[in-house]
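Dear colleague,

Please find the structure below, handed over for your records. The notes after it set out what was found.

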There are 4 protein chains.
Amino acid sequence: MLNELKYKECIEACLQCMNACNVCYVSCLKEYELAMLRDCIALDRECADICAFAAQAMSRKSPYVKEICELCIKACLACAEECEKHDHEHCKQCAEACRKCAEACREMLSHV
Amino acid sequence: MLNELKYKECIEACLQCMNACNVCYVSCLKEYELAMLRDCIALDRECADICAFAAQAMSRKSPYVKEICELCIKACLACAEECEKHDHEHCKQCAEACRKCAEACREMLSHV
Amino acid sequence: MLNELKYKECIEACLQCMNACNVCYVSCLKEYELAMLRDCIALDRECADICAFAAQAMSRKSPYVKEICELCIKACLACAEECEKHDHEHCKQCAEACRKCAEACREMLSHV
Amino acid sequence: MLNELKYKECIEACLQCMNACNVCYVSCLKEYELAMLRDCIALDRECADICAFAAQAMSRKSPYVKEICELCIKACLACAEECEKHDHEHCKQCAEACRKCAEACREMLSHV
């Protein structure tokens with residue numbers, strides 16, 4: 001496919017991250033100690049929506065890929081930082097996916 | 001992750017299909033003979049947006065996964081049918097991704 | 001504009017509802033008694049995303065308007081029902097917007 | 001509602017613009033002289049998707065409102081510039097909505 005070469009890995013990292021953020025969001029809402037997870041829930045949703053938006057933008061070769069992926073890096077790092085405050089397995093996995101996604105966006109942006 | 005077991009393959013098929021539809025959409029808009037691709041362009045966008053929506057819905061364990069994946073099947077089949085009318089490589093790849101995605105949604109729905 | 005006549009009121013109701021759901025979502029996440037609002041938060045997001053999707057679908061004259069607006073009715077009614085269990089002003093306003101949106105979708109669907 | 005004061009007008013301008021862009025997109029795809037509208041179709045979709053994203057972001061009080069609305073301004077101005085090259089009524093109405101939306105985003109950003 002057309003976009004395989006340039007965007008492939010970054011699209012995949014965004015979609016993995018969207019998934020991990022949504023899993024963390026759903027799982028947070030089920031935790032017993034909910035109050036400390038307010039920011040985690042909100043940032044999970046932010047990050048999931050922005051990652052999904054970034055993946056779609058790359059796949060349709062948007063002229064705004066640069067701006068959107070820079071935004072994605074910000075959202076991923078903020079979500080990772082918040083998730084790393086918590087011991088839940090879903091938070092750890094989410095933080096990891098966020099860090100990988102931010103890295104993939106940076107790598108992709110260094111080539112465009 | 002929480003949703004690995006039930007939705008994993010279906011999410012992946014939806015995201016592959018979203019990507020193929022967007023690649024086909026972008027590529028159609030560059031073709032010399034554009035007029036015959038009007039429906040293909042419109043159905044590509046429909047299908048890409050619905051597939052992205054379905055993937056997000058599954059990853060956040062939406063209570064509406066059934067309805068959304070049934071809609072996804074319709075959009076995939078309509079897009080595949082249209083793409084199969086054209087000889088472009090991107091149309092063929094899109095049709096194939098759409099058929100696979102419809103199949104993955106059906107398979108997933110048969111287990112819920 | 002092209003879609004003024006048929007979809008105008010329904011698009012506006014969906015966008016009002018998306019906004020009310022997101023306001024309720026954000027406000028719930030700030031409430032002191034968070035635990036009883038788990039379902040409200042999740043259904044707010046569901047409903048906001050589905051309403052936004054429905055409004056976009058109508059505005060691009062999607063061939064799937066019927067299915068999407070039927071889904072929107074379900075999401076609105078479920079969100080309204082949940083919001084009506086709570087006394088917060090944002091929940092009341094959200095429930096009202098959801099009921100109006102479900103009604104506008106029904107009215108629109110009766111004419112197509 | 002919570003966001004009435006700060007974001008209200010900007011959300012409305014984004015949603016009006018999303019609608020005008022989608023109407024223009026659909027109408028372009030029906031025009032007889034399609035080839036000269038390739039960029040218009042693509043930029044309409046870009047702008048519609050980004051406006052919808054911006055409106056949702058404001059309504060959920062996203063921490064990324066600034067970045068997203070700056071992106072929205074870019075997308076609106078590029079879409080307006082393209083639409084102004086064409087004489088179709090839908091292109092004129094879309095250009096006007098895009099200019100208004102860019103202005104509303106700038107106005108909103110000057111207060112945050």
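**Interface of chain C and chain D**

Across the interface of chain C and chain D, 0 salt bridges are found, a salt bridge being a side-chain nitrogen of Lys or Arg within 4 Å of a carboxyl oxygen of Asp or Glu. Please note that this is a predicted model, in which local features need pLDDT of at least 70, side-chain atom pairs count only at pLDDT 80 or more, and totals for chains, interfaces and linings use all residues. Residues are numbered from 1 along each chain as its sequence is written, chains are lettered from A and ligands numbered from 1 in the order in which they are written, and side-chain values use heavy atoms, with hydrogens and water left out.

Between chain C and chain D there are 6 residue pairs in polar contact, both residues at pLDDT 80 or more. A polar contact is a pair of N or O atoms within 3.5 Å; within protein, one must be able to donate a hydrogen and the other to accept it, and residues adjacent in sequence count only if both atoms are side-chain atoms. On the side of chain C that touches chain D, the elements giving two or more residues are helix H1 (4-28) and H2 of chain C; helices (H or I, at least four residues) are DSSP runs, numbered from the N terminus. H1(C) gives the most to that side, with 9 residues.

The contact (heavy atoms within 4.5 Å) takes 22 residues from chain C and 22 residues from chain D. Together the two chains bury about 1,900 Å², 60% of it on carbon and sulfur atoms; this is the accessible area (1.4 Å probe) that two parts lose on being put together, summed over both.

**Aromatic pairs**

Over all chains the count is 2 aromatic pairs, that is, rings of Phe, Tyr and Trp (its six-membered ring) with centres within 6.5 Å, where planes under 30 degrees apart count as stacked. Phe53(A) and Phe53(D) form a stacked pair, 4.2 Å centre to centre with 15 degrees between the planes. This pair joins two chains, because Phe53(A) lies in helix H2 (residues 38-59) of chain A and Phe53(D) in helix H2 (residues 38-59) of chain D. Both Phe53(A) and Phe53(D) are buried, meaning under 20% relative accessible area (1.4 Å probe, protein chains only). Phe53(B) and Phe53(C) are likewise stacked, at 4.2 Å centre to centre and 15 degrees between the planes.

Kind regards

Note on methods
Rings of Phe, Tyr and Trp (its six-membered ring) pair if their centres lie within 6.5 Å; planes under 30 degrees apart count as stacked, over 60 as edge-to-face and the rest as tilted. Buried means under 20% relative accessible area, exposed over 50%, partly exposed in between (1.4 Å probe, protein chains only).
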